[in-house]
Amino acid sequence: MIPYWLLFGLWLIGTIHFARSSQNANSNRLFAVACVVTSLMIGLRYRVGGDWEPYLGIYDSIYFQPLIPALGLSDPGYAFLNWLAARLDTGIWLPNLVCAILFMAGVGRLASRQPQPWLAMLVAVPYFVIVVAMGYTRQAAAIGIVCFAIADAGEKNIGRTVILIGIAALFHKTAILMLPLAVGPIAIRKALTAVLSGIVFLALFLLLLRDQSDQMITSYAQSDYNSQGAGIRIAMNVLAGGIFLLMRKRLLLSKYQIVYWTFNALLSFSSIIALVSLSASSGVDRLSLFLIPLQMITFSRFPQALSGSGKLIVPALFAVIAYCFTVEFVWLNFGDNARLWIPYSTTLFHGL
C-alpha cells in the first residue's frame, strides 16, 4: 500500500503548500512534475488492476495481426497502440504508458483550471487515479481526452471539443455519449448548433457503435453481471452532484461550465435510478466513471465557495482532505477487489 500513500502524500503536500498561493511559474512547474510522476506510476505498473489479464489477452491477440485486422479486435485507438507495441516488441507497458499520459494530460489540465489545482488532483487520487486509471486502461484514456476537451470548452471552441470527444471514442466507444453533454450548454440556446450536434452524434454513433449496440445493451443492461462497489462509487458522484447543485452559483464557473457540470450532476442522480432499475450494475458503473471529474470540480472549489467571497476556508479545506484520505483508506483496506492492486509493482523491476 505504501506506493499509493506516497502518491497521495505527493499531492497532499502540494495542496497544503500552495493552498493560499496563486498559480505561478514555480507552482505550475512542480504541478507538471507531479503529473509526470503520476503518469509513470500509472503507466509502468505491472500486474496491477482488475482488468490486467483481459488487457494482456488483447495484446496477445493483436501480436501477430496485420494492422487492419488488429484494429477490429478492440477499440481502434487502443488496438493501434497494441499493434505498435507488438511491432516494437515492447510488451503491454507501452500501451499502458501512452494511455496513462492521455489520462493525466486531460485530468491534469482540468485540475489546472481550478483555483486549487493541487486539491483537485488530490480529490482524483483515491479512486479516479488509483482505481480507474490503473484498472480500466482504455476508458481511462478516453476519460482523459474528454477532460482535456472540457477543461477549456466554451462557445467559441465547440468544434475542437467535438473533435476531441470523437478521438476519445476511438479509445472507448462510450465516450461519444458525452457529446450531448458537451454541446448541450450551447445547443439549448442555439438551434443550429443543436441540429449540427445531433447530426455529428448520430454519425459517430453509427460509425462506432452501430455494430456493437446490441452487444453493449446485452452486456451493460440485460446481463446479470454486477460491478462490486458500484453503489458506493455512484454515491460519491451523487454527493458531489448534490453539493454542486446547491452551491453552483458560488463556484465561480463560466456559464458554459455551470451548465455542463449541472448536466453531470443531474446524471449522477439519474444513475441511482438506473442502478436500481437495471439487472446489471456494471454498465451503469462504467458509464458513471465519466462523471467522476464532477468530484474534482466540486470538492476543489468547495473550501472557497463557502466563504462567498472566494476566500479559502481552512477547516473546509481539511474536511476535503480528510474525505480524500477516508476514501483511499477504506478502498485499500476494505475494497472487494483491492487485492488486485496490492502490492503495487512496476515494470521497471521486471524488465521493460
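Trainee: What relative accessible area does Arg109 have, and does that make Arg109 buried, partly exposed or exposed?

Mentor: This is a predicted model, in which local features need pLDDT of at least 70 and side-chain atom pairs count only at pLDDT 80 or more, while totals for chains, interfaces and linings use all residues. Residues are numbered from 1 along each chain as its sequence is written, and side-chain values use heavy atoms, with hydrogens and water left out.

Arg109 has a relative accessible area of 27% and is therefore partly exposed, a class that lies between buried (under 20% relative accessible area) and exposed (over 50%), with a 1.4 Å probe and protein chains only. Its partner is Asp152, and the closest N and O atoms of this salt bridge are 2.5 Å apart; the term stands for a side-chain nitrogen of Lys or Arg within 4 Å of a carboxyl oxygen of Asp or Glu. Because Arg109 sits in helix 6 (residues 93–112) and Asp152 in the loop between helix 8 and helix 9 (158–169), the pair ties together parts that are 43 residues apart in sequence. Here helices are DSSP runs (H or I, at least four residues), as strands are (E, at least two), numbered from the N terminus. Asp152, at 23% relative accessibility, likewise counts as partly exposed.

The whole structure contains 5 salt bridges, and another of them joins Asp75 to Arg138, with 2.7 Å between the closest N and O atoms. This pair also links distant parts of the chain, 63 residues apart, since Asp75 belongs to the loop between helix 4 (67–71) and helix 5 (76–88), and Arg138 to helix 8 (residues 137–151). Both Asp75 and Arg138 are buried, and together with Lys173 they are linked in a network of salt bridges.

A further salt bridge brings together the side chains of Glu53 and Arg47, at 2.4 Å from N to O. Glu53 is partly exposed at a relative accessible area of 45%, and Arg47 is partly exposed at 42%.
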